[in-house]
Amino acid sequence: MATVYILYSTSIDGYYTGSCLDLTVRLEEHLNNTYANAHTGRASDWQLYLRIDALEYGQARKIESHIKSMKSRNYIENLKKYPELVIGLVTRYDAGSSR
């Protein structure tokens with residue numbers, strides 16, 4: 001099962017959205033600066049802000065893409081404030097859905 005995750009860095013006051021199959025390993029990669037030239041290489045204080053678990057991998061990639069396409073800090077913050085938005089995304093991009 002896959003996870004969509006959103007990280008937050010206080011030092012750059014910014015968010016990062018990603019998806020993966022193993023969140024523990026992926027978080028370690030972000031925190032250890034495994035990909036120094038990547039977006040998360042700009043900060044070392046990333047914290048898990050939000051996670052959406054138990055997704056099919058394709059579904060997780062679509063949700064990640066959707067969140068990134070919104071290009072909105074308010075949207076990301078609303079995902080945490082209003083869990084029904086997350087439920088809507090999971091339903092919208094359900095593996096059995098034709099979208």
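Helices, meaning DSSP runs of H or I with at least four residues, and strands, meaning runs of E with at least two, are numbered here from the N terminus. With that convention, Lys71 is placed in the loop between α2 (57-70) and α3 (73-81).

Good morning, colleagues. The structure under discussion is a predicted model, in which local features need pLDDT of at least 70 and side-chain atom pairs count only at pLDDT 80 or more, while totals for chains, interfaces and linings use all residues. Residues are numbered from 1 along each chain as its sequence is written, and side-chain values use heavy atoms, with hydrogens and water left out.

I begin with the chain as a whole. It contains 4 helices and 3 strands, and their order along the sequence is β-β-α-β-α-α-α. The radius of gyration is 13 Å, close to the 13 Å that the globule rule gives for 99 residues, so the chain is as compact as a globular protein of that length. That radius is taken over C-alpha atoms, and the globule rule is 2.2 Å times the number of residues to the power 0.38. Along the principal axes, the C-alpha atoms fill a box of roughly 40 × 25 × 20 Å.

How much of the chain is buried? Of its 99 residues, 38% count as buried. Buried means under 20% relative accessible area, exposed means over 50%, and partly exposed lies in between, with a 1.4 Å probe and protein chains only. The chain exposes about 5900 Å², of which carbon and sulfur atoms supply 49%; these areas come from the Shrake-Rupley method with a 1.4 Å probe, and for residues only the protein chains shown count as cover.

Contact means heavy atoms within 4.5 Å. Among contacts in the chain with a separation of 6 or more, residues 24 or more positions apart account for 64%.

As to charge, there are 12 positive and 11 negative side chains, and the centres of the two sets lie 7 Å apart. Lys and Arg count as positive and Asp and Glu as negative, whereas His and the chain ends are not counted. Each charge is placed at NZ of Lys, CZ of Arg, CG of Asp or CD of Glu.

I turn now to individual residues, starting with Thr3. Thr3 belongs to strand β1 (residues 2-9) and is buried, with a relative accessible area of 7%. With which side chain does Thr3 form a polar contact of 2.9 Å? The partner is the side chain of Asp53. A polar contact is a pair of N or O atoms within 3.5 Å; within protein, one must be able to donate a hydrogen and the other to accept it, and residues adjacent in sequence count only if both atoms are side-chain atoms. Leaving aside neighbours within four places in sequence, the contacts of Thr3 include Gly18, Cys20, Leu23, Ile52 and Ala60.

Helix α2 supplies the next examples. Gln59 lies in this helix and counts as buried at 7% relative accessibility. Beyond residues up to four places away in sequence, Gln59 touches Val90, Tyr93, Asp94 and Ala95.

His66 is also placed in helix α2, and it is buried, with a relative accessible area of 11%. Its side chain makes a polar contact of 3.0 Å with the side chain of Tyr75. Not counting residues up to four places away, His66 touches Tyr75, Leu89, Arg92 and Tyr93. The C-alpha atoms of His66 and Leu89 are separated by 8.7 Å, although the two residues are 23 residues apart along the chain.

Lys62, in helix α2 as well, counts as partly exposed at 41% relative accessibility. Lys62 and Ser11 are 51 residues apart in sequence and 28 Å apart in space, C-alpha to C-alpha.

Glu56 sits in the loop between β3 and α2 and counts as partly exposed at 41% relative accessibility. Apart from residues up to four places away in sequence, Glu56 touches Met1, Ala2 and Ala95.

I close with backbone angles. Most residues other than glycine have a negative phi. Which loop holds Asn33? The loop between α1 (23-31) and β3 (47-55). Asn33 has a positive phi of about 60° although it is not a glycine, and it is partly exposed, with a relative accessible area of 34%. Lys71, which is not glycine either, has a positive phi near 45°. Lys71 is exposed, with a relative accessible area of 75%.
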